[in-house]
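Reader: Hi! I have a structure to look at and I'm new to this. Could you walk me through it?

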Protein chains: 2
Amino acid sequence: MGNRIHNAAYQSKVMSAEDAAALINDGDRLGVSGFTGSGYPKAVPIALAARAKAEHEAGRSFRVGLNTGASTAPELDGELALADAVDFRTPYQSDPETRKRINAGSINYADIHLSHIAPQVRNGFHGKMDVAIIELTAIKADGSLVPSSSIGNNQAWLDAADRVIFEVNSWQSEDLEGMHDVFGGLRKAPLDFAIPVFHASDRIGSKYLTVDPAKVIAVVENDTPDRNSPFKPLDDVSKSIASHLLDFLDLEEKAGRLPDPMPAMQSGVGNIANAVLAGLLHGQFENLTSYTEVIQDGMVDLIDSGKLSVASATAFSLSPEYAKKMNDNAKFYRDKIILRNQEISNNPEVIRRLGMIAMNGMIEADIYGNVNSTHIMGSRMQNGIGGSGDFARNAALTVFVTPSTAKDGAISAIVPMVSHVDHTEHDTDLIISEYGVADLRGKSPRQRVPAIIKIAHPDFRPMLEEYFAVAQKVANGQHTPHDLSQALSWHQRMLATGTMKV
Amino acid sequence: MGNRIHNAAYQSKVMSAEDAAALINDGDRLGVSGFTGSGYPKAVPIALAARAKAEHEAGRSFRVGLNTGASTAPELDGELALADAVDFRTPYQSDPETRKRINAGSINYADIHLSHIAPQVRNGFHGKMDVAIIELTAIKADGSLVPSSSIGNNQAWLDAADRVIFEVNSWQSEDLEGMHDVFGGLRKAPLDFAIPVFHASDRIGSKYLTVDPAKVIAVVENDTPDRNSPFKPLDDVSKSIASHLLDFLDLEEKAGRLPDPMPAMQSGVGNIANAVLAGLLHGQFENLTSYTEVIQDGMVDLIDSGKLSVASATAFSLSPEYAKKMNDNAKFYRDKIILRNQEISNNPEVIRRLGMIAMNGMIEADIYGNVNSTHIMGSRMQNGIGGSGDFARNAALTVFVTPSTAKDGAISAIVPMVSHVDHTEHDTDLIISEYGVADLRGKSPRQRVPAIIKIAHPDFRPMLEEYFAVAQKVANGQHTPHDLSQALSWHQRMLATGTMKV
């Protein structure tokens with residue numbers, strides 16, 4: 001371990017992960033750090049899972065509720081799920097073991113907008129928060145708390161929790177100090193001030209988290225890397241989707257529908273987003289800014305190139321290679337990257353003000369522009385809505401991107417009616433697949449249909465056209481014509497036969 | 001006619017409605033004033049409809065696109081629809097003749113959030129705006145434009161349109177002058193300032209609309225009342241729903257989950273909203289504020305009682321009796337009522353900041369908390385989403401209210417799966433019927449089911465329970481268990497047999 005605890009009072013609270021886990025009770029609601037696999041506690045959750053297993057073996061119940069920033073990692077969500085130690089989870093997850101239990105009905109999962117969860121906790125909508133477990137990079141001699149690779153809800157959980165456990169992780173670079181911008185002014189609304197972010201580069205808070213020291217019951221040392229999943233190499237479909245978006249932005253710029261410089265962009269996590277970022281690297285746009293949730297590899301390249309002047313987010317989501325680069329060069333990047341509270345990175349006030357372009361992935365869209373981001377065949381939770389709703393709902397241009405098919409072509413991303421709605425037809429401006437851009441702006445539902453069918457996979461286009469033709473014959477209204485007997489038949493067929501194809 | 005045009009330059013442009021209508025061309029996109037039946041032009045649209053009929057009879061095409069604030073009245077939407085003079089309509093309507101043609105497929109209707117349409121037009125997403133037709137109360141000697149009984153998108157249309165026609169309506173009280181607050185700072189985002197509303201009572205703009213006088217091609221005089229539909233007397237179901245909400249607020253207040261004074265409230269239009277307002281008249285809460293879309297009768301009573309200190313909105317929606325009272329006493333009410341641009345009355349930044357309680361009606365909700373506000377049996381448009389999305393998405397407490405049944409008990413407001421989604425499960429905090437409050441906060445979808453079934457009509461509860469039981473057996477996941485073969489069966493049965501009952 002590095003020597004990262006420079007304050008005597010906190011040094012006196014150092015203990016093992018096991019001893020810290022022993023301070024957590026059955027039924028506690030935990031507020032834990034962690035966002036897209038970065039900045040989550042890595043020792044106490046494992047010890048807590050072991051404790052839960054031992055309790056269960058002794059015939060005693062031991063389960064906790066778990067609030068995070070967003071998704072974490074096997075050491076946290078995975079271990080606790082495997083130990084059957086979680087009965088409630090919010091606001092977002094992407095863990096295979098947790099997902100299994102959510103869909104088996106043994107974990108109750110409230111899938112909540114990432115900007116809403118902290119205000120909801122603050123308002124008392126989720127009851128009492130018992131213990132916060134927060135990863136730090138260091139504790140300075142004066143007691144200042146240097147955050148690590150995500151901010152997420154950390155300050156909100158530190159404010160709300162009765163008891164606090166810190167994990168100080170010496171894997172995190174000490175040079176991260178100064179990259180963070182923790183806004184401490186958030187309290188129960190009504191607020192009598194504006195969120196003072198007027199440009200992605202505005203710093204409005206403190207470099208440090210704050211806590212009432214009397215609440216801190218344990219400090220645990222640790223030296224483990226973040227999850228940092230590698231990105232797959234860019235595939236042709238992702239590259240093609242990215243180039244359609246970039247071509248569209250070029251045309252919008254020529255048509256005078258883009259401000260100059262380009263408004264701040266948000267991009268969801270993943271390969272298509274990284275392909276878009278790679279495309280921007282070689283495109284015409286300069287002076288780019290990013291006001292988004294997570295810092296991905298592509299943004300680091302854009303910063304290196306000078307095209308991206310600032311990237312504002314709440315967390316890293318880097319490949320191992322780029323995480324190393326970040327750790328080695330944090331001193332360089334900490335002026336160009338700002339990590340904020342997720343209430344600020346995803347704040348509707350700021351998103352609307354900046355006139356943002358928001359780009360997110362999805363599971364499926366229907367011929368009328370409704371978007372499903374969360375559910376497989378209507379019932380099964382994949383990950384969650386995350387921040388996509390925060391951005392899609394308040395951006396100036398709301399874009400959803402998707403490959404036209406999944407499961408080797410068995411599943412169409414364009415269906416007659418989505419099996420779950422996370423983003424309504426009222427919020428969707430563009431849908432982009434490898435076959436092009438469906439521009440839904442200013443169109444009635446019926447006018448959207450040909451635009452959307454055009455970007456479906458060719459195998460499914462005749463089926464969609466036939467659905468629309470029949471729907472117009474049998475529907476009780478021509479605003480959004482549906483044949484309710486067939487609207488969900490593609491999903492039913494998939495469940496029954498393993499393909500949406502007839 | 002009263003003498004309301006005190007400026008010589010505008011006096012010289014006075015002409016008949018017929019002459020003004022002759023200045024509008026086939027294919028024009030019109031930006032027209034009007035919001036919930038108040039402040040819409042009442043003469044030019046009738047003349048335009050006559051002109052369209054004559055053109056059609058002469059074998060020539062004549063149709064226009066129509067942007068308003070929200071719903072208007074028979075003289076506008078009704079006459080133009082009857083004349084087959086509308087090919088595109090946005091962002092909201094509630095007109096029977098327009099609805100008929102939307103559902104017949106002859107009018108394309110883009111159902112857009114009321115706070116989004118003006119920014120979309122400004123961004124160029126809807127093409128060129130040709131003519132604005134805006135009702136005024138008066139034109140002062142210095143050319144100042146006194147608005148009438150709604151602001152809506154008037155300033156946005158005046159800014160965007162190539163040509164402008166004013167209707168000056170002497171039925172509107174001259175004492176309205178000073179009630180309005182027209183914010184002129186709205187331009188294409190990114191904005192470098194906050195919307196400076198920090199309390200419902202904040203005035204941030206001008207008493208007058210502004211226009212480039214060179215664009216004004218006609219001024220038409222008029223003396224016709226607003227639509228002003230009478231409210232039905234409060235029925236028992238509405239009273240019961242209102243009392244459930246008020247009891248809930250009492251409990252929240254006792255539990256410390258409501259700020260003191262109570263945060264600003266928004267309420268949708270209609271009888272349930274008026275029942276809630278009537279309930280507040282006799283309830284415990286003082287120093288109420290309203291930050292909402294429309295001023296309804298109940299708010300006038302609350303102002304009279306001293307319980308409501310300020311009501312901020314974008315339009316009136318009064319009964320004839322209360323409209324007369326408002327006109328007779330505008331001098332008294334203009335300090336307590338503020339009519340704003342609908343971009344401001346419905347602004348997500350302000351709604352989030354104020355930590356609002358938003359209460360809107362709905363058509364149906366499903367057992368998981370998804371809400372349909374717009375579509376009858378999936379295909380047929382009723383009115384539109386209006387501002388419900390603006391508020392529901394950004395409020396601190398999002399409430400939907402509904403009688404448990406419609407059509408004499410044949411239709412259940414609670415169904416297995418809604419046939420269209422306007423407000424997702426992520427946005428819905430409470431659903432209230434005459435049977436009680438379903439509190440969905442912090443619950444997983446499965447946990448919401450019993451809470452929601454409890455407020456369904458008793459006739460439908462066993463059917464809902466059976467659906468949920470079967471869904472859990474057949475679903476591919478237990479997060480949101482659905483039986484896709486039966487999910488929309490209630491709507492299909494209604495269409496086939498005239499009732500959702502078996």
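Reader: How many salt bridges are there between domain 1 of chain A and domain 2 of chain A?

Author: The count is two salt bridges, where a salt bridge is a side-chain nitrogen of Lys or Arg within 4 Å of a carboxyl oxygen of Asp or Glu. R122(A) forms a salt bridge with E343(A), with 2.9 Å between the closest N and O atoms. Keep in mind that this is a predicted model, in which local features need pLDDT of at least 70 and side-chain atom pairs count only at pLDDT 80 or more, while totals for chains, interfaces and linings use all residues. Residues are numbered from 1 along each chain as its sequence is written, chains are lettered from A and ligands numbered from 1 in the order in which they are written, and side-chain values use heavy atoms, leaving out hydrogens and water.

Reader: New topic: what area do chain A and chain B bury between them?

Author: About 6700 Å², with 51% of it on carbon and sulfur atoms. In this interface, 85 residues of chain A are in contact with 85 residues of chain B.

Reader: How many salt bridges does the rule find there?

Author: Four salt bridges are found across the interface of chain A and chain B. In a salt bridge between R393(A) and D427(B), the N to O distance is 2.7 Å. As for helices, α14(A) gives the most to the side of chain A that touches chain B, with five residues.

Reader: Which residue lies in α14?

Author: One of them is E349(A), as helix α14 of chain A runs over residues 348-354.

Reader: Is E349(A) buried or exposed?

Author: E349(A) counts as buried because its relative accessibility is 2%. Buried means under 20% relative accessible area, exposed over 50%, and partly exposed in between (1.4 Å probe, protein chains only).

Reader: So what is E349(A) in contact with?

Author: Leaving aside neighbours within four places in sequence, E349(A) is in contact with A194(A), I195(A), E349(B) and R353(B). A polar atom of the E349(A) side chain lies 2.9 Å from the backbone nitrogen of I195(A). The side chain of R353(B) makes a polar contact with the side chain of E349(A) at 3.1 Å. A polar contact is a pair of N or O atoms within 3.5 Å; within protein, one must be able to donate a hydrogen and the other to accept it, and residues adjacent in sequence count only if both atoms are side-chain atoms.

Definitions and conventions. Helix = DSSP H or I, 4+ residues; strand = E, 2+ residues; numbered from the N terminus. Contact = heavy atoms within 4.5 Å. Buried area = accessible area lost by both parts, 1.4 Å probe.
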